[in-house]
Amino acid sequence: MAEVGEKSRIAIVGGGLVGALAACFFAKRGHRVVIYEYRSDIRMEKSRGQSINLALSFRGREALKAIGLEDILVNRHGTCMRGRMLHDKDGNLKEVLYDSVRRNCIYSVNRRYLNVVLLDAAEKYPEVQLNFNRKLVDADLENGKMKFLNTNTGTTEDAEADLIIGADGAHSKVRKIMTRRPLFNCAQTYIEHGYVEISVPRKEDNEFAMSGNNLHIWPRGEFMMTSLPNEDRTFTGNLFAPFRVFEKLKTPEALVRFYTEHFPDLLQLIGKEKLVKQFFEKEPQTLISIKCKPYHVGKTAVLVGDAAHAMVPFYAQGMNTGFEDILVLDELMELYDSDFAKVLSKFSELRCDEGHAICDLAMYNYLEMRDLVTRKSFLFRKFLDKILYTLIPNSWIPLYFAVQFTRLSFRECIAHKEWQDKVLRMSVLCLGFLIFAVLAVPLLRNAI
Ligand SMILES: Cc1cc2nc3c(=O)[nH]c(=O)nc-3n(C[C@H](O)[C@H](O)[C@H](O)COP(=O)(O)OP(=O)(O)OC[C@H]3O[C@@H](n4cnc5c(N)ncnc54)[C@H](O)[C@@H]3O)c2cc1C
């Protein structure tokens with residue numbers, strides 16, 4: 001094992017978005033990093049048709065900035081989304097800006113491209129070695145020992161490291177191994193809803209078929225469609241719905257009827273044939289939320305990204321929170337001079353509660369996106385938020401703004417919303433009382 005302050009051997013299990021980013025940060029500090037990734041090198045694969053895009057916001061951007069990748073990913077290849085565009089059944093549109101005061105936007109970035117850029121960046125460090133087709137099958141986390149299946153040869157390989165970083169996603173093997181340990185708590189929840197990816201082509205003149213600077217939503221109560229713009233002027237969208245709704249969409253006719261009734265404007269943009277082809281290409285995917293604690297084992301292993309806190313995608317914070325994990329880990333490495341025992345325990349202390357908070361917020365936002373956004377009370381609340389945020393932007397920070405455009409802890413974001421709700425409730429009560437008094441006093445006077 002390396003001594004405190006010495007350059008250590010870091011094994012990163014999973015070369016997805018968060019694993020590749022972590023490699024850059026640790027290599028930048030001079031540590032020797034090996035990424036073990038189950039899949040083959042995505043940079044060698046041909047892209048499979050349409051590719052899912054992700055919304056990148058402040059927390060993620062800050063991490064990319066620290067390794068010099070913000071410009072290429074955001075300014076050169078990101079598509080700015082300045083707010084939600086709500087589509088009702090009659091095709092009427094309503095834009096709700098994310099930040100009407102400072103005009104911040106979130107950026108739609110192609111997931112594959114992002115992963116390619118991060119792997120390329122990691123590989124540029126001489127300290128980094130990339131091992132693809134390696135599946136972690138077992139590990140002794142306390143002693144830094146791992147067993148990988150080489151999926152090319154079918155053989156098992158042993159490896160050792162001073163620190164094992166579990167960045168192996170929602171169904172993490174590292175996390176499963178941690179569950180054998182006493183006092184490790186883990187809860188997983190599959191929501192009743194799944195999703196199918198549906199893309200919207202560009203127009204004949206190669207322009208966007210809808211506004212290219214919005215995240216489009218078709219809220220329909222218990223289900224919804226969303227759509228994010230791509231650099232090539234197409235949109236990648238998802239139908240999110242309960243599985244019992246998907247059960248009723250087993251034939252092309254049923255599907256077209258469903259879209260004609262609920263998303264007629266979209267149907268026109270996609271076309272029946274393309275809709276049917278895309279929809280039946282894959283089974284609806286599940287959505288899982290994971291809360292676990294602690295995130296670390298002594299000074300030898302730690303979970304980051306979805307492995308630590310997979311969440312439903314409705315706050316668009318899964319990757320952003322995972323990127324922020326790495327930023328926090330790096331800040332702690334600086335603070336404790338790479339003393340893993342201190343770094344990892346502090347990381348758990350800071351991030352577990354954060355992970356749980358954003359998982360809860362993500363669940364709440366599903367309700368907001370598919371249902372609440374259509375309600376007058378919600379729109380009125382947004383209106384009040386907008387006025388107060390315009391008047392006192394440093395004190396009145398709306399929840400969505402705080403999550404997407406600051407690095408305020410998620411718990412603080414929730415606390416802000418709670419006191420704001422209280423203030424607004426009290427104000428409405430006082431206003432009601434005042435109106436009552438103004439109307440009632442003259443009546444009482446007349447009566448006397
Ligand atoms: C529909 C949808 C939309 C989303 N939209 C957004 C969004 O807009 N914004 C946002 O911030 N987040 C979004 N997310 C969440 C985001 O995709 C994840 O949070 C992010 O991909 C997590 O990155 P990760 O590196 O932790 O995990 P992953 O991206 O899952 O990578 C894990 C890697 O580990 C590898 N692996 C797995 N098991 C092993 C093993 N045993 N051995 C070795 N390697 C292994 C996998 O092959 C994979 O490459 C969305 C998620 C979904 C499902």
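**Terms and their grounds**

Author: The protein is divided into domain 1 (9-82 + 102-186 + 290-368), domain 2 (190-286) and domain 3 (376-446). These bounds come from an automatic or database domain assignment. The model is predicted: local features need pLDDT of at least 70, side-chain atom pairs count only at pLDDT 80 or more, and totals for chains, interfaces and linings use all residues. Residues are numbered from 1 along each chain as its sequence is written.

Reader: How do you know which residues of domain 1 are in contact with domain 2?

Author: Two residues are in contact if their C-beta atoms, placed from the backbone, lie within 7 Å. By that criterion, 12 residues of domain 1 are in contact with 12 residues of domain 2. On the domain 1 side, strand 3 (53-56), strand 4 (79-81) and strand 7 (106-110) give two or more residues each. Strand 4 gives the most, with 3 residues. The centres of the two domains, taken over C-alpha atoms, are 29 Å apart.

Reader: What makes a stretch of chain a helix or a strand?

Author: Helices (H or I, at least four residues) and strands (E, at least two) are DSSP runs, numbered from the N terminus. Helix 1 (17-28), strand 9 (134-140), helix 10 (306-309) and helix 11 (318-335) are among the elements that each supply at least two residues of the shell around the ligand. Helix 11 has the largest share, 4 residues.

Reader: How do you know which residues are around the ligand, and what classes do they have?

Author: A residue is near a molecule if its C-beta atom, placed from the backbone, lies within 6 Å of it. Of the 31 residues around the ligand, G14, G16, G169, G305 and G318 come nearest. The shell has 14 nonpolar, 11 polar and 6 charged residues. Here Ala, Val, Leu, Ile, Met, Phe, Trp, Tyr, Cys and Pro count as nonpolar, Asp, Glu, Lys and Arg as charged, and the others, Gly among them, as polar.

Reader: Why are strand 9 and strand 11 said to stand at the edges?

Author: Two strands pair if DSSP finds at least two bridges between them. An open sheet of 3 strands has the order 9-10-11, with antiparallel pairing. Strand 9 and strand 11 (156-160) each have a single partner strand, so one side of each is left without a neighbour in the sheet. M146 has A159 in strand 11 as its bridge partner.

Reader: What makes the pairing of strand 1 and strand 12 a parallel one, and over how many bridges?

Author: Strand 1 (residues 9-13) and strand 12 (residues 163-166) pair in the parallel sense over 4 bridges. They belong to an open sheet of 6 strands with the order 8-2-1-12-19-18 and mixed pairing. Its edge strands are strand 8 (128-131) and strand 18 (296-297), each of which pairs on one side only.
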